[in-house]
Amino acid sequence: MTLPKAELHLHIEGTLEPELVFELAARNGIALPFADIEDLRSRYSFSDLQSFLDLYYAATIVLQTEADFRALAEAYLDRAAAQGLRHVELFFDPQAHTERGVPIEAVIDGLASALEDAEERLGITGGLILCFLRNLPVESAMATLDSLGDRTSRILGIGLDSTEVGYPPELFTAVYARARDLGLHVVAHAGEEGPPAFVTDTLDLLRAERIDHGIRSLEDPELVARLVAERIPLTVCPLSNVRLKVVDEIADHPLPAMIEAGILVTVNSDDPAYFGGYVGDNYVAIARAFGFDDPALAALARNSVIASFASDSRKAELAASIDDWLTDPSFVGRSAGGRPEERA
Ligand SMILES: Nc1ncnc2[nH]cnc12
Ligand SMILES: [Zn+2]
């Protein structure tokens with residue numbers, strides 16, 4: 001029995017495994033700038049966020065049709081289900097595709113149909129969070145939001161990602177106001193590489209309901225006190241922070257300090273195809289690094305449910321299944337992730 005959990009910080013384009021890159025390239029007649037799967041995988045060594053994003057965007061060119069987006073999401077959902085995932089709020093980057101001429105309808109319909117089927121197929125609930133690329137002009141973000149039309153109803157919320165330094169949250173104040181008027185949830189990346197002031201401004205100007213990463217918040221004690229008092233969730237991604245050199249190694253990650261401070265912390269995978277593990281692998285990695293016991297891991301899984309945008313009844317159902325995982329003595333072979341021996 002694997003710990004039931006929700007994932008709230010997952011870029012679907014970051015689940016594109018090298019095997020699928022080559023399969024879709026062949027299907028769509030696309031010439032890749034990589035010799036083969038091994039060559040692509042050998043480039044998964046990053047010095048910072050930008051060096052990763054360059055490869056991430058280079059690989060997305062194989063995604064062309066609604067069927068491609070559907071296949072991508074199905075592959076992720078299968079892997080995540082095996083690691084205990086029961087609810088997912090999935091990020092996608094439409095501008096990375098519409099800029100190449102892919103219609104936004106193909107992106108949304110492919111992803112949404114995979115998610116809808118996952119409820120029946122895998123017992124996973126969830127929704128789509130449309131992320132704006134902060135390094136593109138604000139007008140492009142607004143035009144993307146305006147282009148949704150009646151597909152707005154297929155979206156759970158909006159987010160903000162890509163290059164952080166040099167692109168402060170205030171640029172997107174009007175876009176976020178418009179999204180809130182449309183009834184969408186709002187989250188944003190902040191404080192991954194950018195300063196704690198970006199987190200504060202993301203709360204004040206964008207009125208974000210959750211902060212993605214937020215790891216640099218710890219540099220500002222007043223901000224930490226505010227995150228605790230206002231119960232603002234942080235969607236933390238430990239293996240990502242190691243791979244993108246936000247921290248030197250997993251043992252240096254400030255996750256225990258965040259928990260100790262009383263922040264509502266959740267554990268997520270960010271771009272699992274690139275960072276060495278899916279959501280369960282992140283749980284296994286922190287359990288090993290910090291000696292977290294089962295009640296500590298269950299508390300993190302509970303946080304993921306509390307911080308989600310699931311309905312109250314779904315939250316109650318998921319919380320009960322986490323309690324069962326922790327307390328039922330008949331659960332033999334209890335694990336936090338899926339295949340810890342392979343990936344932790
Ligand atoms: N970790 C990350 N930070 C910012 N933008 C991203 N896009 C995909 N992964 C990201
Ligand atoms: Zn991210």
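Reader: Does Asp271 count as buried or exposed?
Author: A residue is buried if 20 or more other C-beta atoms lie within 10 Å of its own, exposed if 12 or fewer, and partly exposed in between, with C-beta atoms placed from the backbone. Asp271 has 23 C-beta neighbours inside 10 Å, so Asp271 counts as buried.

Reader: What kind of model is this?
Author: Residues are numbered from 1 along each chain as its sequence is written, while chains are lettered from A and ligands numbered from 1 in the order in which they are written. Local features need pLDDT of at least 70, side-chain atom pairs count only at pLDDT 80 or more, and totals for chains, interfaces and linings use all residues, the model being predicted.

Reader: Which residues does Asp271 touch, not counting residues up to four places away in sequence?
Author: Two residues are in contact if their C-beta atoms, placed from the backbone, lie within 7 Å. With residues up to four places away in sequence left out, Asp271 touches His11, Gly14, Tyr56 and Ser240.

Reader: How many charged residues are in the shell around ligand 1?
Author: The surrounding residues are His11, Gly14, Leu49, Tyr56, Asp161, Ser162, His189, Glu192, Ser240, Asp270 and Asp271, a residue being near if its C-beta atom, placed from the backbone, lies within 6 Å of the molecule. Ala, Val, Leu, Ile, Met, Phe, Trp, Tyr, Cys and Pro count as nonpolar, Asp, Glu, Lys and Arg as charged, and the others, Gly among them, as polar. The shell has two nonpolar and five polar residues, and its charged residues number four.

Reader: Which UniProt annotation covers Glu192?
Author: Glu192 belongs to the shell around ligand 1 and sits in the loop between strand S5 (185-190) and helix H9 (196-204). Glu192 is buried because it has 23 C-beta neighbours inside 10 Å. The annotation that covers Glu192 in the unreviewed UniProt entry is "active site".

Reader: What is the phi of His213?
Author: His213 is among the contacts of Glu192 and is found in strand S6 (residues 210-213). With 28 other C-beta atoms within 10 Å, His213 is buried. Its phi is positive although the residue is not glycine, and lies near 80 degrees.

Reader: Is Arg231 buried or exposed?
Author: Arg231, in the loop between helix H10 (221-229) and strand S7 (234-236), also has a positive phi in a residue other than glycine, near 50 degrees. Because 11 other C-beta atoms lie within 10 Å, Arg231 is exposed.

Reader: How far apart in space are Val175 and Ala141?
Author: Val175 lies in helix H8 (residues 173-181) and is buried, with 21 other C-beta atoms within 10 Å. Its contacts beyond four places in sequence are Phe132, Val138, Ala141, Met142 and Leu145. Val175 and Ala141 are 34 residues apart in sequence, and their C-alpha to C-alpha separation is 7.1 Å.

Note on methods. UniProt positions are given in the numbering used here, feature names are shortened, and annotations may be inferred rather than shown by experiment. Helices (H or I, at least four residues) and strands (E, at least two) are DSSP runs, numbered from the N terminus.
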